[in-house]
Each structure stands twice: as C-alpha cells, then as structure tokens.
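Subject: Handing over the structure

Dear colleague,

Please look through it once before reading my notes.

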Amino acid sequence: MNKYFKIIFPLSLLVVISCESNVNASPEKTSEINILEFKNANQSKPIITIEQQRMIHFAKKHIGTRYVWGGTTPKGFDCSGFIQYVYKHSHISIPRTTASYTRLFNKSVPIKNAQVGDLIVFTGTNSKIRKPGHAGIITEVKPGLIKFIHSSSSKKHFGVTETSYYHSGYPKRFLAVIQMPKP
C-alpha cells in the first residue's frame, strides 16, 4: 500500500496543479504561449517573442524587393540598408554600413546561441578579407537550421531573400552573430 501511495500521491498533485493552472490562465496568455517557439528542452527561454515575430513578418513582406547599392527604402535595398530599415521599424538602432558593424562585435555570441532577430555578419564575396561585407537578420533557428533574411546582390538570389545558412556558401564567410536588443 505504501509504495502505491508514493507513486499515486505525487501524480495526483501534478494533476491538481496543472488543472488549477489551466483554470486560472487568461485566454490572452494561453494564445500567446501557443505561438512562442522554444529552444530545446535544456533551455527554457523562448527564442522568439511576439515582437520578434512582428519584426520578421515585416522583414518578409519585403522579399523580392530589388537590390540597389546604397538603397535604404522599399524601392531598393542594399544589405545594410535593408537591415537598418527593418530594425528601425522595430525601434532598434544600428549603424548604416556593414563596415561599421565591427563596433557591435563586443555583443557577439556563438552561432549555437543565435536567436531570431539577431544580426548575422559575413565577409564580402572574398572570404579571405576578414572584414564585414554582408549581413542579414536571423529569421529561424532550429537544431541544424538557421535561416536569415538579407538583400543580396548575387545573380542567383538578387534582392531581398531568405537563405538557409547551412545550405549555402555563407558558412565559409561567417564572421559573427550579434545579439541584438529585443524589439
């Protein structure tokens, strides 16, 4: 009898607590929780907030916008012009040029700690010149998957596009992931 009590009692407490939590949960909080994506079970903090989702949704509205060197508007973007435009919409300040991103390197995190909304910085097309030359905004992070949105001047993906980091040539050009303030 005692061994059953040791098993059943904790389980019944768990059921009571979970029922009470669901009864007291407001509908707004419940719907908010349903749309959050979480890191793996070892990490408890969400990788994407509603504000980050809005920022990424805003950025994705511009997919297909043409690449224009020095462009900073939906008529045409270069990579840093697009990034500045999206971050500014979310009240995040960032330097205008990728060359200036070195000032942000003190906020670098390992790529394994990348989060949606963070800045991902690459060299230019010559990966031997280890200076910022291209960048994007991380849109999705899952085990074995990082996607980012950027304005590309390449013939293959000209303009604002979303790229899968590990299925591209970008890993050899990788410089840093900059943890950005949350919108």
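This is a predicted model: local features need pLDDT of at least 70, side-chain atom pairs count only at pLDDT 80 or more; totals for chains, interfaces and linings use all residues.

Residues are numbered from 1 along each chain as its sequence is written, and side-chain values use heavy atoms, with hydrogens and water left out.

To begin with the overall picture, the protein chain has four helices and eight strands, where helices (H or I, at least four residues) and strands (E, at least two) are DSSP runs numbered from the N terminus. Read from the N terminus on, the elements follow the order α-α-α-β-β-α-β-β-β-β-β-β. Of the 183 residues in the protein chain, 38% are buried; here buried means under 20% relative accessible area, exposed means over 50%, and partly exposed lies in between, with a 1.4 Å probe and protein chains only. The accessible surface comes to about 11400 Å², and 59% of that surface belongs to carbon and sulfur atoms, with areas taken from the Shrake-Rupley method with a 1.4 Å probe, where for residues only the protein chains shown count as cover. Among contacts (heavy atoms within 4.5 Å) between residues at least 6 apart in sequence, 51% join residues at least 24 apart.

Turning to the sheet, six strands form an open, antiparallel arrangement in the order S3-S8-S4-S5-S6-S7, where two strands pair if DSSP finds at least two bridges between them. Strand S3 (108-109) and strand S7 (159-164) are the edge strands, each pairing on one side only. Two bridges join S3 to S8, and Val109 stands opposite Val177 in S8. S8 also pairs with S4 in the antiparallel sense, over four bridges, with Ala176 in S8 as the bridge partner of Val121. Strand S4 (residues 119-123) is in turn joined to strand S5 (residues 132-142) by five bridges, and Leu119 stands opposite Ile137 in S5.

Two helices lie across this sheet. Helix H3 (residues 50-60) lies across S5, strand S6 (145-152) and S7 and runs at about 125° to S5, whereas helix H4 (residues 79-89) lies across S4, S5, S6 and S7 and runs at about 50° to S5. For these angles, axes are lines fitted to C-alpha atoms, for helices over the stretch in contact, and the angles run from 0 to 180 degrees between N-to-C directions.

Gln52, Met55, Ile56, Phe58 and Ala59 are buried in H3, and because they cover an arc of only 155° around the axis, they are on the same side of the helix; the arc is that of the directions from the helix axis to the C-beta atoms. These buried residues pack against H4, S5 and S6, while the face turned away from them carries the exposed residues Arg54 and His57.

Not counting residues up to four places away in sequence, Ile94 touches Ile83, Gln84, Tyr87, Tyr101, Leu104, Leu119 and Met180.

His62, in the loop between H3 and strand S1 (72-73), counts as buried because its relative accessibility is 10%, and, leaving aside its neighbours within four places in sequence, His62 is in contact with Pro74, Phe77, Phe82, Tyr85 and Val160. His91, in the loop between H4 and S3, is exposed, with a relative accessible area of 77%, and its phi is near 65°, a positive value in a residue other than glycine. His157, in the loop between S6 and S7, counts as partly exposed at 37% relative accessibility; the C-alpha atoms of His157 and Arg66, which are 91 residues apart along the chain, are separated by 9.9 Å.
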